[in-house]
Structure formats: C-alpha cells, structure tokens
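Dear colleague,

Here is the structure for your files. My notes on what was found follow below it.

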Amino acid sequence: MRMRSKPSILMKAASVFLVLLLATGCGAFDSGVAKEYAAGNAEAEDEEELITVGFSQLGSESVWRSANTESVKNAFTRQNGFLLEFNNARQKQENQIKAIRGFISQRVDYIVFSPVTETGWETVLQEARSAGIPVILVDRKISSPNENLYTTWVGTDARAEGEKAGLWLEQYLVGKNISSKPINIVVLQGTTGSSAQLGRTMGFDSIADRHGNWNILAQQSADFTAAKGKEVMSEFLKKYDDIDVVISQNDDMTFGALDAMKEAGVTSGENGDIILISFDAVHEALELVQQGIINVDVECNPDQGEYIMDVIRRIERGEHVEKENVVEEHVFTKDNVNEYIDSRTY
Ligand code: AHR
C-alpha cells in the first residue's frame, strides 16, 4: 500500500542489508528462509507502490448498478497498480458517510464515490479535503455551492438523457400523426433527490413544456427497483385508464412495470396500448426493444471504471483534469438495436 507516511530510508536500508545477509548464507537461517523473507519483502515493497482507492458504491439496486460495480472492480486491480477498498452502502446516505470516514481514517490515496442523493455531503467531504485526500465522484453528482469539495466527476449526463427521451417522443408522435392529440403520461421516477432522478425529470420536462397537449398525470418514485416499479405501476393502472405513455427512469422499474401491465391485461410497445420509454439499456431491456415491447431505451453507460482509472493516472502525473467527464451514450430503438445488442455484456 502506498502509505501517506512512508518508511524511512534507514529502515529500508536495514531491511535490504538483512536480506543480503540472509541470502549470502552469513546469517543463522538457511537460504530457504532467506528467499521467503526476500519474497515477502518484495511483496511489501510492491504494496507500497499501489495506489489505494476507497470506493463507496451507493447500492446494488439495479442490473445497471451491478455492471457499474464490476466496471470499477475490473479497473482497480493490483495488476493495474491499485488496491481497492470496496463498500456497498445499500442505498443509504448514512452508510456512505460512514464508509468515507473509514477511508479517511485508513488514509487511502483517493476516495471514489457514487452519491445516492445530491445533497448532504458538505461535512464529510470537507473532512476528506482537510485530510488532503482527493475525491472523485462517479455516476451521480452532488449539489453544493462549494466546488472544491471534490476534484472531478466521471459520469452520465442525466439531464441530456431526459431530453433525449422527450425528443424521441416528440418525433414519434409526429410520425404517428398524433402530435396534436392529448397525450397522457405517467412517470416512474428513480430514487428521490438523486441526480439521475432530478436530471432525467428536468430533461424530459423541458421538452414536455413545449407541448400543451402533453399531460403528465402522475410522477412517483419507485426507487430504481423492479419490485417498486411493479407496485407503483399497478397503482397507476388502477387509478388511470387512459395512460398513453409510461416513462420509466430505469430498466429495472420497467421490468416491474411490465409485470404490472401483464397482470392488468395491458400491452406496450409499437403495437401495444402504451408507449414505453426506458433508461439504461441493459441487455435484457434491449431484447425487449428488439421485440418491440419497449419503444425506446435511452442509454446510461455504466462502464466508468477505465475513465476513473485514467483520471487518477492523470492526477498522479500532475496533469490537469476537467471538472466534469461525461461518458458516451446512445439511444436504442428497433431500428438500431441489432447493431449493439450482441456486444452488450450486462
Ligand atoms: O445513477 C444511475 C442510475 O442508477 C441508473 O439508471 C439506475 O439503473 C441506477 O440504479
């Protein structure tokens, strides 16, 4: 481990001398012991060169989240020169704060974390700053007037994703010749107060605001999970019998919503009763796009591990890093899904 307080040169010299002494057979131990000691020492030296990263993942609520965790774990390996401390906060801000404090007391080299909600981070991030540990936000953002609380952010542009969904709907309704008819919309939202929920909502609303005939009947959080997606969609279906469009802010909620629709005898997609718009674009959802059950899936790219690693390497070399680093994202419909689906690993 690359500790913040390094061992003194004197200590290092003493250990090298001891290894030489043992290896040349001048000591009281045999050469097997000497080799073992030397190997152990080399490993310890290697450990010192590793960059330690404390990663607080917000939870494991979705297929997307598991892919994001994998991406980070695959990047921060010993082979790549890192020692990763991983913590799953199970969707609770207090768990993330506790994990970050733990990383500070371990004196890791970098803190990487995906904030479950946008607010409430000032105190703990100030503590990291005082300890001189750079903080890298991933996936989601924080909202604070103090930009110095973190070094950089690597993630997805949730507002742009919401806009893409709105723009797709605009075009679709024109194509179907129903752009001036009343359009009733319900929204399954992600975790309340998360930048993914806030951004996607703002982005979609900015397009909806242009259309007096788009009527948002209800918006409710289903916490980015399939179980809650089903629960909330069942309630919507009981309450409204005239839903034209479902906006589901992630694929897991979409899977749950589809279960609820099935139970209610309602269909979705290109030939269905309801236009279904989803976010994330995980493999299982892309299959439903292929089958025409989900009309459009706006990608949220979880492959962020390599980007974060690259950012850390640039910081290590003393290079400038942008405050915001947005990963690339696409929009999938039946027209282009075949090109991408085979390479989708999550
Ligand atoms: O912050 C990204 C969102 O969080 C993804 O859309 C969702 O699946 C996840 O839980």
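Asn-177 is exposed, because its relative accessible area is 70% and exposed means over 50%, buried under 20% and partly exposed in between (1.4 Å probe, protein chains only). This residue belongs to the loop between H6 and strand S6 (183-189); helices (H or I, at least four residues) and strands (E, at least two) are DSSP runs, numbered from the N terminus. Its phi is positive, near 65 degrees, although Asn-177 is not a glycine. Most residues other than glycine have a negative phi.

This is a predicted model, in which local features need pLDDT of at least 70 and side-chain atom pairs count only at pLDDT 80 or more, while totals for chains, interfaces and linings use all residues. Residues are numbered from 1 along each chain as its sequence is written, and side-chain values use heavy atoms, with hydrogens and water left out.

Gln-91 is another non-glycine residue with a positive phi, about 65 degrees. Gln-91 is found in the loop between strand S2 (82-88) and helix H4 (93-106), and with a relative accessible area of 22% it is partly exposed.

Now the ligand. Its surroundings (residues with a heavy atom within 4 Å of it) are Glu-61, Ser-62, Trp-64, Arg-65, Asp-139, Arg-140, Ala-196, Arg-200, Phe-224, Asn-250 and Asp-280. Helix H3 (63-75) and helix H7 (195-208) each contribute at least two residues to this shell. By class the shell holds three nonpolar, two polar and six charged residues, where Ala, Val, Leu, Ile, Met, Phe, Trp, Tyr, Cys and Pro count as nonpolar, Asp, Glu, Lys and Arg as charged, and the others, Gly among them, as polar.

A side-chain N or O atom of Arg-65 is 2.9 Å from an oxygen atom of the ligand. For Asp-139, a side-chain N or O atom is 2.9 Å from a ligand oxygen. Arg-200 places a polar side-chain atom 2.9 Å from an oxygen atom of the ligand. Taken alone, the ligand exposes 280 Å², and the protein buries 100% of that (Shrake-Rupley method, 1.4 Å probe).

Asp-139 also has its C-alpha atom 6.2 Å from that of Val-154, 15 residues apart along the chain. Val-154 is part of strand S5 (residues 152-155) and is buried, because its relative accessibility is 0%.

Last, Tyr-172 in helix H6 (residues 158-175) is buried at a relative accessible area of 17%.

Regards

Technical notes: Polar contact = N/O pair within 3.5 Å; in protein donor to acceptor, adjacent residues only side chain to side chain.
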